[in-house]
Amino acid sequence: MCYSAAQQVDYNRIIPAASVANEDFAEKLVRLSWQNLPSNIATQSQIIIAENAVTMARWSWLDRLTFSSNLNEYTIGARDLPDGRTAFWPKYNFNISFSPGMILKVPMEIKTAKENLRLTQLATDEQKIQTRNLVLQRYQDYLMQKQVLEMEARMLESATTEFELKEERFKRGQLLLDEYNESARAYMSQQRQKLAAETNYIKAKLELESLIGVRLEDVK
């Protein structure tokens, strides 16, 4: 029995880098969303916080080290006592303490911090996939609504021309009232369809722009 090797996902390539030459317009939109959308920025900040937590956990054993000094008017320039001892000696105190609990606790804290970092990285990778999927879907919807609007605009031009011709014939008495009214209704219906298509196009454009943080006209 043969098994195909599972394809590994390179999450670093889900969001295109800004330095990519001849970048596809859709890929630019994905990158802009990752850079500009507040929720995506917050996700990236969580990675930094988790990395800092790992660093702090690794150095937490330093909390067991203490240092103190006995500097005062007596110890500064103090003279030796008659028996050869120095007054208020020692001037500095250094102390380190370990406990069985600490020996177990510090490694666990490091392990926990690393696991939190891993979970944060996984959440970030999932956010990358969702961002790419959502942006590309919204972009395709925008393109579709734009095409629909262009089609409805051409159909309205044809309907307008036909209505104007029939209106002229009606004025000349060459067209019955019922035929004229039917043409007028068809013309107004096409106006409504064009208006609906324009509304859907604007909505699709605004939804896409809400993901990338800038106007589509400003994307270069």
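Leaving aside its neighbours within four places in sequence, which residues is Ser33 in contact with?

Tutor: Before turning to the residue itself, please keep in mind that this is a predicted model. Once the neighbours within four places in sequence are set aside, Ser33 is in contact with Asn40, Thr131, Val135, Leu211 and Ile212. Ser33 itself sits in helix 1, and it counts as buried because its relative accessibility is 1%, where the cut-off for buried is under 20%. The side chain of Ser33 also reaches the backbone oxygen of Leu211, at 2.9 Å.

The protein has 4 helices and 2 strands, and from the N terminus on they run α-α-β-β-α-α. Helix 1 spans residues 25-36 and helix 2 spans residues 38-58, while helix 3 covers residues 100-171 and helix 4 covers residues 177-212.

Consider the pairing of helix 1 with helix 2. Their axes come within 5 Å and cross at roughly 65 degrees, which makes helix 1 roughly perpendicular to helix 2. On the helix 1 side, Ser33, Trp34, Gln35 and Asn36 take part, and they meet Pro38, Asn40, Ile41 and Gln44 of helix 2. Sorted by class, this contact of helix 1 with helix 2 holds 3 nonpolar and 5 polar residues, with no charged residues.

Ser33 also belongs to the contact between helix 1 and helix 4. Here the axes lie 7 Å apart and the packing angle is about 55 degrees, so helix 1 and helix 4 are oblique to each other. The contact is made by Leu29, Leu32, Ser33 and Asn36 from helix 1, together with Leu208, Leu211 and Ile212 from helix 4. By class, the contact of helix 1 with helix 4 has 5 nonpolar and 2 polar residues, and again no charged residues.

Leaving aside its neighbours within four places in sequence, Arg31 is in contact with Ile15, Pro16, Ala17, Ala18 and Glu23, whereas the list for Ser33 includes Thr131 and Leu211.

Val148 is in helix 3 and counts as partly exposed because its relative accessibility is 30%; Val148 and Asn200 are 52 residues apart in sequence, with their C-alpha atoms 9.2 Å apart in space. Ala153, likewise in helix 3, counts as partly exposed at 24% relative accessibility, and between Ala153 and Ala197, which are 44 residues apart in sequence, the C-alpha to C-alpha distance is 8.9 Å.

Finally, the protein as a whole gives the setting for these details. Of its 220 residues, 27% count as buried, and Ser33 is one of the buried residues. Among contacts between residues at least 6 apart in sequence, 70% join residues at least 24 apart. The protein exposes about 16000 Å², of which carbon and sulfur atoms supply 55%.

Conventions. Residues are numbered from 1 along each chain as its sequence is written. This is a predicted model: local features need pLDDT of at least 70, side-chain atom pairs count only at pLDDT 80 or more; totals for chains, interfaces and linings use all residues. Side-chain values use heavy atoms; hydrogens and water are left out. Axes are lines fitted to C-alpha atoms, for helices over the stretch in contact, and angles run from 0 to 180 degrees between N-to-C directions. Angles under 35 degrees count as roughly parallel, over 145 as roughly antiparallel, 65 to 115 as roughly perpendicular and the rest as oblique. Contact means heavy atoms within 4.5 Å. Ala, Val, Leu, Ile, Met, Phe, Trp, Tyr, Cys and Pro count as nonpolar, Asp, Glu, Lys and Arg as charged, and the others, Gly among them, as polar. Buried means under 20% relative accessible area, exposed over 50%, partly exposed in between (1.4 Å probe, protein chains only). Accessible areas come from the Shrake-Rupley method with a 1.4 Å probe; for residues, only the protein chains shown count as cover. A polar contact is a pair of N or O atoms within 3.5 Å; within protein, one must be able to donate a hydrogen and the other to accept it, and residues adjacent in sequence count only if both atoms are side-chain atoms.
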